[in-house]
Amino acid sequence: MTRNSIRAWYLVHKWTSLVCTLFLLMLCLTGLPLIFHDEIDVLTEGPPQVGMPGVGSSSDTPGLLPLDTMLKIAIAERPGEVAAFMAFDNDGPLMTVTTAPRPDSPSAQMTVLVLDRSTGKLVSQADESGVMHFLLQLHTDMFLGLPGMLFLGFMGLLFTAAIVSGVVLYAPFMRKIAFGTLRTSRSTRLKWLDYHNLLGIAALAWTLVVGLTGVVNTLATPINRVWQSRELAAMTGAYAGKPALERSRYVSLDKAMAQARKALPGTSPQFIGFPGGAFSSKHHYAVFFQGDTPLTQRLLTPALIDAETGAFTDARPMPWYNQALALSQPLHFGDYGGLPLKILWAVLDLFTIVILGSGLYLWLGKRKTSVEAHVREVETGGTAGAPS
C-alpha cells in the first residue's frame, strides 16, 4: 500500500470514528442491558401465573377462550378505545391486545394489555415508564421518532466505514509485529494502541453484523411504508376507493382466524392487524403467520381476511426487504441462540466499548500530531517514528 493510500485510509478512519464514537458508546451502554431484557423482566416481575402452562395462545387447543371473548375483555379494560393489534405466544397462553383511540394511532397513544387466554384474566399492562423502556427508546431513536432513527442509522454507516478503514490500516500496521502483540512495557499510548487493534480485529465480524443490522433496523418505518404502498396495495386492489368498513359490520374474529388458518396450514399466527391499522387495509383483518423453526419464526406471511364477510382475500410472503428487517432485529440483540449467545453478545459489546474508548483516548492524546507522523506509525507498526 502506498503512503498516499495509507494517508487517505487513516483520514477516513479518524473522521468517521470521531463523528460516531460518542453515539456508538451510548448505543453500546444502553444495548448491554437490552440484550438481557427477557431475563431482567422475569427477575423484576417474576414468572406469570397462568391457567394452562405450556399451551401456546397461538394454538387452537380446546380450553383456550375464543378470540372474540379475549377482544371483549380487552376493550372492557379500555373503554372508548379500539383494538389495533392482537399478538400470540407459541410457548404459553399469554397474549397481548394493543388498544388505541384509533387503529392507526401513533404508538405513544397505544396501550398493551397482557391477558391469559386460558383464564381470560388480565395479567398486566405493559409499563412504558420503567428503566428498560427508557433505555430502549434512547437506543432506538433518542426520543426523536423517525428523525432520531435515521440519524442513528447514519451513525451506523459511519461506524461501518470506521471498521472497514481500520481493517485496511491493520494490515500494514501488523507487518512488523506478531499477531496478538501487546507492548505493555512501552508507552501507555502504544499499549492502548495494541489493545485497540487486537480487540478491533477480534470483534470484527460481530461489530460489522451488529452495526449493519442496526442500520437496517433504523429503516423499519420506511420499509413498512414501502410494503404498504406496494405489496399491501396490490393485495387489496379490488377494495381501492371503497370507504372504510364500519366497525359494527366486522365479522367474528374467530371466523376470520379459522379462514386464515385454512389458507396457511402448518403455520402459527403471530399477530393480527385490525382494519384501518398500519399493517392492514380498511377492510381486512391481516393475520400474520410464522414458521416453526428459529429462522422461519421471523419470516412472516400475512393472510388477508375480509372483515365484513370473513372470506379469504390473499396471502403472500413478505418481500425481501421486510424479511431482511425481520432477520436483523433478533440478530442485533442476539435473540437467536438463547442465553449463551446473549452472554457472547454482551462480552463483544464490552470489547466494543473498550475499542471506542481507547480510540477516543488515542485521539485526545495526540490530536495535534501531524498526519504524516500517524502514517509513519501505521507503516512501522509503532516500532519507529511513532508519535509516542
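**Strand pairing and helix crossing in a predicted model**

Strand β5 (residues 268–273) and strand β6 pair in the antiparallel sense, over 5 bridges. The model described here is predicted.

Reader: Which residue of β6 stands opposite Gly273?
Author: β5 and β6 run in the antiparallel sense where they pair. Within β6, the residue that stands opposite Gly273 is Ala286.

Reader: Are the two faces of β6 covered or exposed?
Author: In a regular strand, side chains alternate between the two faces of the sheet. On one side of β6 lie His284, Ala286, Phe288 and Gln290, and on the other Tyr285, Val287 and Phe289; all of these are buried. For the strand (residues 284–290), that is 7 of its 7 residues.

Reader: How are helices α1 and α5 oriented to each other?
Author: Two packed helices are described by the angle and the distance between their axes. The axes of α1 (residues 3–35) and α5 (residues 146–173) come within 7 Å and cross at roughly 135°. An angle over 145 degrees would count as roughly antiparallel, and 65 to 115 as roughly perpendicular. The two helices are therefore oblique to each other.

Reader: What is the handedness of the crossing of α1 and α5, and how many residues of their contact are charged?
Author: The crossing is left-handed. The residues of the contact divide into 20 nonpolar and 5 polar, and the number charged is none.

Terms used. Residues numbered from 1 in each chain as written. Predicted model: local features only at pLDDT ≥ 70, side-chain atom pairs only at ≥ 80, totals over all residues. Heavy atoms only, no water. Axes fitted to C-alpha atoms, helices over the stretch in contact; angles between N-to-C directions. Helix = DSSP H or I, 4+ residues; strand = E, 2+ residues; numbered from the N terminus. Parallel < 35°, antiparallel > 145°, perpendicular 65-115°, else oblique. Left-handed = near helix turned anticlockwise from the far one by under 90°. Nonpolar A, V, L, I, M, F, W, Y, C, P; charged D, E, K, R; others polar. Buried < 20%, exposed > 50% of the residue type's maximum accessible area, 1.4 Å probe, protein only. Pairing = 2+ DSSP bridges.
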